[in-house]
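Open the model in your viewer and keep the selection panel at hand. The stops below say what to select and what is there.

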Amino acid sequence: MSFIREFILYSRKGRTDASFLNLRDAGRLDVVQECIVASLFLSHGIRRNTVFHAFLGGPPSPPLHLRIDGAFLRDVRTDQLTWGKILRKVLSGKPHPGITVEKRSFESLLKAFSGNVNVFVLEEDGKNVFEVDFGEHPVFVLGDHIGLPKKVEKFALRYGEKISLGKQPYLAATCITILNYLLDHFELFKETKGGKV
Ligand SMILES: C[S@@+](CC[C@H](N)C(=O)[O-])C[C@H]1O[C@@H](n2cnc3c(N)ncnc32)[C@H](O)[C@@H]1O
């Protein structure tokens, strides 16, 4: 059995139009691209049970909600060049299978989940990840290269709890890889032992 998992990256400066030459100079959209790949890609496959969100807070028209649903994602590769083209395309209003862009705030998405999911805010000083029950529909909130703004963290904690992967400060994409690994492991354990992890 494979539960749904969602990752939300809060990108403070991510560019909100298509007028950029490279992802790094577009308010660190390269961090968004790394997190997309870590969330949705297996070797030779896409995680069909996973949804990735990024909230882009850069100019010219923040906030934008980029949503990528692994169930419908097609015509993709993992490299930065490919994602540069895809992000330019969807940020200029053109369609791509599995990807939507809308004018929406982080706060509005969290409100819309309304208790049907388990929200976890990734912070170094949170509860030890090995003591956490992820439930059947975990949603993970991560900061970008700078970290989560305090007021965003405070808002998210109304809906969930803070969890930690340890004292090492990891890249956001590395955190996602670790979480995907742990979830894969826990799900396999539940399937084979039929019990609580
Ligand atoms: C590159 S880190 C930013 C680190 C930065 N030093 C800061 O001020 O937060 C990006 C995000 O990864 C997550 N993160 C990094 N290391 C973590 C850890 N050990 N445990 C939990 N989350 C972590 C947090 O959500 C953080 O906002």
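Select D75 to begin: this residue is exposed, with 9 other C-beta atoms within 10 Å. Burial is counted with C-beta atoms placed from the backbone: 20 or more others within 10 Å of a residue's own make it buried, 12 or fewer make it exposed, and counts in between make it partly exposed. D75 is not a glycine, yet has a positive phi of about 55°. It is found in the loop between strand 5 and helix 2. Helices (H or I, at least four residues) and strands (E, at least two) are DSSP runs, numbered from the N terminus.

Two notes apply to every selection. The model is predicted: local features need pLDDT of at least 70, side-chain atom pairs count only at pLDDT 80 or more, and totals for chains, interfaces and linings use all residues. Residue numbers start from 1 along each chain as its sequence is written.

Next, select R28, in the loop between strand 1 and helix 1. R28 also is not a glycine and has a positive phi, of about 65°. R28 counts as buried because it has 20 C-beta neighbours inside 10 Å.

Move on to helix 1, residues 29-40. Its 12 residues should span 16 Å at 1.5 Å a residue, and the end C-alpha atoms are 16 Å apart, which agrees. The expected span is 1.5 Å times one less than the number of residues. Of the 12 residues, 10 are buried, among them V31, V32, C35 and A38.

To see the contact, show L29, D30, Q33 and I36 of helix 1 with Q80, W83 and L87 of helix 2. Residues are in contact if their C-beta atoms, placed from the backbone, lie within 7 Å.

Now go to the loop between strand 4 (50-56) and strand 5 (64-69), where P60 lies. The peptide bond joining P59 and P60 is cis, with omega about 5°. P63 lies in the loop between strand 4 and strand 5 too, and the bond from P62 to P63 is cis, with omega near -5°.

Select E6, in strand 1 (residues 5-11). E6 counts as buried, with 21 C-beta neighbours inside 10 Å. Leaving aside neighbours within four places in sequence, E6 is in contact with V51, H53 and V139. E6 and F52 are 46 residues apart in sequence, but 5.7 Å apart C-alpha to C-alpha.

Then pick A156, in helix 4 (residues 150-156). With 24 C-beta neighbours inside 10 Å, A156 counts as buried. Its contacts beyond four places in sequence are L110, V119, V121 and V141.

Notes
Two residues are in contact if their C-beta atoms, placed from the backbone, lie within 7 Å.
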